[in-house]
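Have a look at the structure before reading on.

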Amino acid sequence: MPSTIIPGMRYRDAHAAIDWLERVFGFRRHLVVPGENNTIVHAQLAYGEGMVMLSSITDSPASSIMAQPDEVGGRETQSPYILVSDADAVYARAKAAGAKIVIEIKSPEYGGRAFSCADPEGHVWHVGTYDPWAEQG
């Protein structure tokens, strides 16, 4: 069954964000709805059985309840985790694509290999091989 919890994000340059997320993490475009003035009204990017939805920042009801990382000192109140098969390869792609590494790659005591990075607009992504659905030995 596909994921029933889907994070929603907003970007100043949603077109560039979609390209970056595809290139670095391997997301694929499921649906992209263009808007006026080169904006994205709604986009769905799939990754395995998961998905994120994103849009351009516009004057909308969401503007009053959501802030961008650069508006709050580079901090986030939520951040997605991407389960990958090779964290070191994704780490290398992220660095090459200009991601800011906010937590260096390491092997946590609970298993797997992981790192955290900020995308070009400052949204934090956690990336790792630890699978919370797998039985832990």
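A residue is called buried when its relative accessible area is under 20%, exposed when over 50%, and partly exposed in between (1.4 Å probe, protein chains only). Helices (H or I, at least four residues) and strands (E, at least two) are DSSP runs, numbered from the N terminus. This is a predicted model, where local features need pLDDT of at least 70, side-chain atom pairs count only at pLDDT 80 or more, and totals for chains, interfaces and linings use all residues. Residues are numbered from 1 along each chain as its sequence is written, and side-chain values use heavy atoms, with hydrogens and water left out.

**The helix**

Which residues of helix α2 (residues 87-96) are buried? They are Ala 87, Val 90, Tyr 91 and Ala 94. Seen down the axis of α2, these buried residues fall within an arc of 105°, so they line one face of the helix; the arc is that of the directions from the helix axis to the C-beta atoms. Just after α2, Gly 98 has a positive phi of about 90°.

**The pockets**

A pocket is an open set of points on a 1 Å grid over the protein atoms alone, with protein on both sides within 12 Å along at least five of seven lines; lining residues have an atom within 4 Å of a point. A volume is the space filled by probe spheres set on the points, which are joined across faces, edges and corners.

| Pocket | Volume |
|---|---|
| Largest pocket | about 620 Å³ |
| Second largest pocket | about 200 Å³ |

Among the 20 residues lining the largest pocket, Ser 3, Glu 49, Gly 50, Tyr 81 and Trp 133 are the closest to its centre. Strands β4 (50-56) and β5 (81-83) each give two or more residues to this lining. The second largest pocket is lined by residues including Gly 8, Arg 75 and His 123.

Definitions and conventions. On a 1 Å grid over the protein atoms alone, a cavity is a set of points where a 1.4 Å probe fits but cannot get out, and a pocket is an open set with protein on both sides within 12 Å along at least five of seven lines; lining residues have an atom within 4 Å of a point.
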